[in-house]
Amino acid sequence: MTSMETHTTSHNENCIFCKIVAREIPAHIVYEDAGFIAFLDIHPQTPGHVQVIPKKHYRWVWDVPSDTSEPDSIGAYFAVAQKIAHAQRAIFNTEWILSKTVGDEVHHAHLWVFPSNTATGDKMDFAGNAEKLRAAITTQ
Ligand SMILES: [Zn+2]
């Protein structure tokens, strides 16, 4: 077993997700609030596959605060995931939305939220899917 890597910082300069938060590298951002940002995965499983991440650099999803008064609490995290899921349901014609947390690819907490393979749409249409998601999330 490797040692625990629990460092939490506002910004980790070697982290690709921190660079997305800081707009240092481009992403198709579909949602942003005080605690979180959501953007399209560059290797989508299905149309509209989104990554939801805390803006602060937490190593694991389970490292975000449990204190609900924090803008990036675990409760707020799941509420963002629900907004995304509702938008995906409306856009991609399926009520079956999956979420998954693994955490090995990028060492910054991230939650996958993506429609099942019953969804309709073109998963490689990043600009179109991002635009539809942004519109659907704001009108909720
Ligand atoms: Zn990071």
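The exercises below work through the sheet and helices of one predicted model, each with a stepwise solution.

This is a predicted model, in which local features need pLDDT of at least 70 and side-chain atom pairs count only at pLDDT 80 or more, while totals for chains, interfaces and linings use all residues. Residues are numbered from 1 along each chain as its sequence is written.

**Exercise 1. Work out in what order the strands form the sheet, and which are the edge strands.**

Step 1. Helices (H or I, at least four residues) and strands (E, at least two) are DSSP runs, numbered from the N terminus, and two strands pair if DSSP finds at least two bridges between them.

Step 2. Begin with β1 (residues 29-32) and β2, which pair in the antiparallel sense over three bridges; a hairpin of three residues connects β1 to β2, and Tyr-31 has Ala-38 of β2 as its bridge partner.

Step 3. Continue to β3 (residues 50-54), which runs antiparallel to β2 and is joined to β2 by five bridges, with Gln-51 in β3 as the bridge partner of Phe-39.

Step 4. Finally, four bridges join β4 to β5, which run antiparallel, and Leu-98 stands opposite Phe-114 of β5.

**Exercise 2. Explain why β5 is described as largely enclosed, and state how many residues of β2 are buried.**

Step 1. A residue is buried if 20 or more other C-beta atoms lie within 10 Å of its own, exposed if 12 or fewer, and partly exposed in between, with C-beta atoms placed from the backbone.

Step 2. Of the five residues in β5, four are buried, so β5 is largely enclosed by the rest of the structure.

Step 3. For β2 (residues 36-40), four of the five residues are buried, and this strand is mostly covered.

**Exercise 3. Describe helix α2, its buried residues and what they pack against.**

Step 1. Helix α2 has 19 residues and reaches 26 Å from its first C-alpha to its last, close to the 27 Å expected at 1.5 Å a residue; the expected span is 1.5 Å times one less than the number of residues.

Step 2. The buried residues of α2 include Tyr-77, Val-80, Ile-84, Gln-88 and Phe-92. In general, an α-helix has 3.6 residues a turn, so residues three or four places apart point the same way.

Step 3. The buried residues of α2 pack against β1, β2, β3, β4 (97-100), β5 (111-115) and α3, and α2 lies across the strands β1, β2, β3, β4 and β5, running at about 20° to β5.

Step 4. After α2 comes Asn-93, whose phi is positive, near 60°.

**Exercise 4. Characterise where α2 (residues 74-92) and α3 (residues 126-138) cross.**

Step 1. Axes are lines fitted to C-alpha atoms, for helices over the stretch in contact, and angles run from 0 to 180 degrees between N-to-C directions. The axes of α2 and α3 come within 9 Å and cross at roughly 115°.

Step 2. Two residues are in contact if their C-beta atoms, placed from the backbone, lie within 7 Å. From α2, Lys-83, Ile-84, Ala-87, Ala-90 and Ile-91 meet Lys-132, Leu-133, Ala-136 and Ile-137 of α3.

Step 3. As for the sheet, α3 lies across β1 and β2 and runs at about 25° to β1.

**Exercise 5. Decide whether Ser-66 and His-86 are buried, partly exposed or exposed.**

Step 1. Ser-66, in the loop between β3 and α2, is exposed because 9 other C-beta atoms lie within 10 Å. Leaving aside residues up to four places away in sequence, Ser-66 touches Ser-73 and Ile-74.

Step 2. His-86, which is found in helix α2, is partly exposed because 15 other C-beta atoms lie within 10 Å. His-86 and Leu-133 are 47 residues apart in sequence and 9.7 Å apart in space, C-alpha to C-alpha.
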